[in-house]
Amino acid sequence: MGWTDRQQRMLGAMGLRLWAPAPAAEPAGAPSAEAVLADVVHVSPVVAPALAPAPAAPHRSAARPTAPVGAAQAVAAALPQRPNAPEGEREAAIAAMDWPALREAVAACQACALCQGRTQTVFGVGHIQAHWMIVGEAPGENEDLQGEPFVGAAGQLLDAMLRALKLSRLEGSSAAQVYIANTLKCRPPRNRNPQPDELAQCEPYLKRQIALVQPKVILAMGKFAIQQLLGTDEAVGRLRGRVHQYQGVPVVVTYHPAYLLRQLSEKAKAWDDLKLAQRVYEKAIS
Ligand code: URA
């Protein structure tokens with residue numbers, strides 16, 4: 001079977017060696033898809049320059065809308081942060097928030113013990129009306145330092161995967177720039193797995209992010225994103241290959257990029273998942 005040029009580029013960007021004709025040459029000066037992946041695999045840890053929260057970058061203005069700061073802080077301060085707040089009260093308050101209020105509420109959150117160890121919260125990045133939304137697990141060390149999701153090695157693989165789909169976290173229209181968020185907004189100590197109470201406390205934030213973005217397709221990466229969105233702890237391998245739903249939005253599940261860095265052989269499956277997501281997206285906009 002032959003691959004289209006586009007498919008070959010996608011495979012190459014994901015580090016899959018081609019048995020069919022070699023991918024079209026990249027323009028002079030541009031790194032090849034395989035070189036991109038090699039960088040991903042051999043990446044050194046990203047070192048953040050400072051422990052202070054990252055300033056808003058111009059290209060991320062969509063992810064950091066100018067906030068009426070006073071109002072947003074007031075909303076955040078009024079939010080019941082106690083885990084034992086009357087049932088539904090906190091969720092309802094979050095469900096009514098706009099972007100600035102939500103960002104402030106996350107930054108001020110003390111709903112679980114993870115707030116004690118964080119450098120800063122990691123809210124999300126990308127186009128606030130993105131057609132594609134990527135949901136990951138939790139910030140790691142680099143994300144905690146820089147305040148942005150997926151900035152370490154797994155993030156570089158994610159960026160390569162996005163590039164293969166002609167998507168970016170950095171810039172573009174709502175069709176070309178994705179929105180990336182995690183299930184947890186604070187780093188778990190020593191990158192341990194998220195705990196059920198932490199996922200439960202953070203869930204309303206992700207739910208509101210999705211409601212505000214209104215994506216046409218969600219790519220859920222890894223066990224915890226899948227658990228949070230689909231309410232199941234079935235293995236990724238058993239959930240792949242079909243389309244799920246979250247609040248009326250189609251969800252395609254795939255392996256977490258950190259897992260793909262350890263299990264390079266699984267990248268072919270991730271490629272299939274991306275192709276499925278692409279088909280779902282194309283159907284949604286047709
Ligand atoms: N892994 C995730 O799931 N999210 C991040 O932000 C970083 C690594």
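Q: How many helices and strands are there in the protein chain?

A: First, the ground rules. This is a predicted model, in which local features need pLDDT of at least 70, side-chain atom pairs count only at pLDDT 80 or more, and totals for chains, interfaces and linings use all residues. Residues are numbered from 1 along each chain as its sequence is written, and side-chain values use heavy atoms, with hydrogens and water left out. Helices (H or I, at least four residues) and strands (E, at least two) are DSSP runs, numbered from the N terminus. The protein chain has twelve helices and six strands.

Q: What share of the residues of the protein chain count as buried?

A: Buried means under 20% relative accessible area, exposed over 50%, and partly exposed in between (1.4 Å probe, protein chains only). Here 49% of the 286 residues count as buried. Accessible areas come from the Shrake-Rupley method with a 1.4 Å probe; for residues, only the protein chains shown count as cover. The protein chain has about 13400 Å² of accessible surface, and carbon and sulfur atoms supply 54% of that.

Q: What percentage of the contacts in the protein chain with a separation of 6 or more is between residues 24 or more positions apart?

A: Contact means heavy atoms within 4.5 Å. Residues 24 or more positions apart make up 72% of the contacts with a separation of 6 or more.

Q: Which residues surround the ligand?

A: A residue is near a molecule or strand if one of its heavy atoms lies within 4 Å of it. Around the ligand sit G136, E137, A138, E143, P149, F150, N182 and H256. Nonpolar means Ala, Val, Leu, Ile, Met, Phe, Trp, Tyr, Cys and Pro; charged means Asp, Glu, Lys and Arg; the others, Gly among them, are polar. By that scheme the shell holds three nonpolar, three polar and two charged residues.

Q: How many salt bridges does a search of the whole structure find?

A: Side chains of opposite charge can pair when their charged atoms come close. The criterion for a salt bridge is a side-chain nitrogen of Lys or Arg within 4 Å of a carboxyl oxygen of Asp or Glu. The search finds seven. One of them joins R169 to E148, with the closest N and O atoms 3.0 Å apart. R169 is in the loop between α7 (153-164) and β3 (179-182), and E148 is in the loop between α6 (141-146) and α7, so the pair ties together parts that are 21 residues apart in sequence. Both residues are buried. E148, D159 and R169 are linked in a network of salt bridges.

Q: Where do R240 and D273 lie in the chain?

A: R240 and D273 form a salt bridge, with the closest N and O atoms 3.0 Å apart. R240 is in the loop between α10 (236-239) and β5 (244-246), while D273 is in helix α12 (residues 267-285), so the pair links distant parts of the chain, 33 residues apart. R240 is buried at 19% relative accessibility, and D273 is buried at 1%.

Q: How far apart are D272 and K275 in helix α12?

A: D272 and K275 are three residues apart in that helix, which separates them by about one helical turn. They form a salt bridge, with the closest N and O atoms 3.6 Å apart. D272 is partly exposed, at 37% relative accessibility.

Q: Is H244 buried or exposed?

A: H244 is buried, with a relative accessible area of 11%. Its place is in strand β5. A polar atom of the H244 side chain lies 2.8 Å from the backbone oxygen of L239. Setting aside residues up to four places away in sequence, H244 touches L230, L239, V249, P250, V251 and V253.

Q: What is phi for N191 and for Q247?

A: Most residues other than glycine have a negative phi, and most peptide bonds are trans. N191 is not a glycine, yet has a positive phi of about 55 degrees. N191 lies in the loop between β3 and α8 (196-213) and is partly exposed, at 44%. Q247 also has a positive phi, near 50 degrees. Q247 sits in the loop between β5 and β6 (249-254) and counts as exposed at 57% relative accessibility.

How values were computed:
A polar contact is a pair of N or O atoms within 3.5 Å; within protein, one must be able to donate a hydrogen and the other to accept it, and residues adjacent in sequence count only if both atoms are side-chain atoms.
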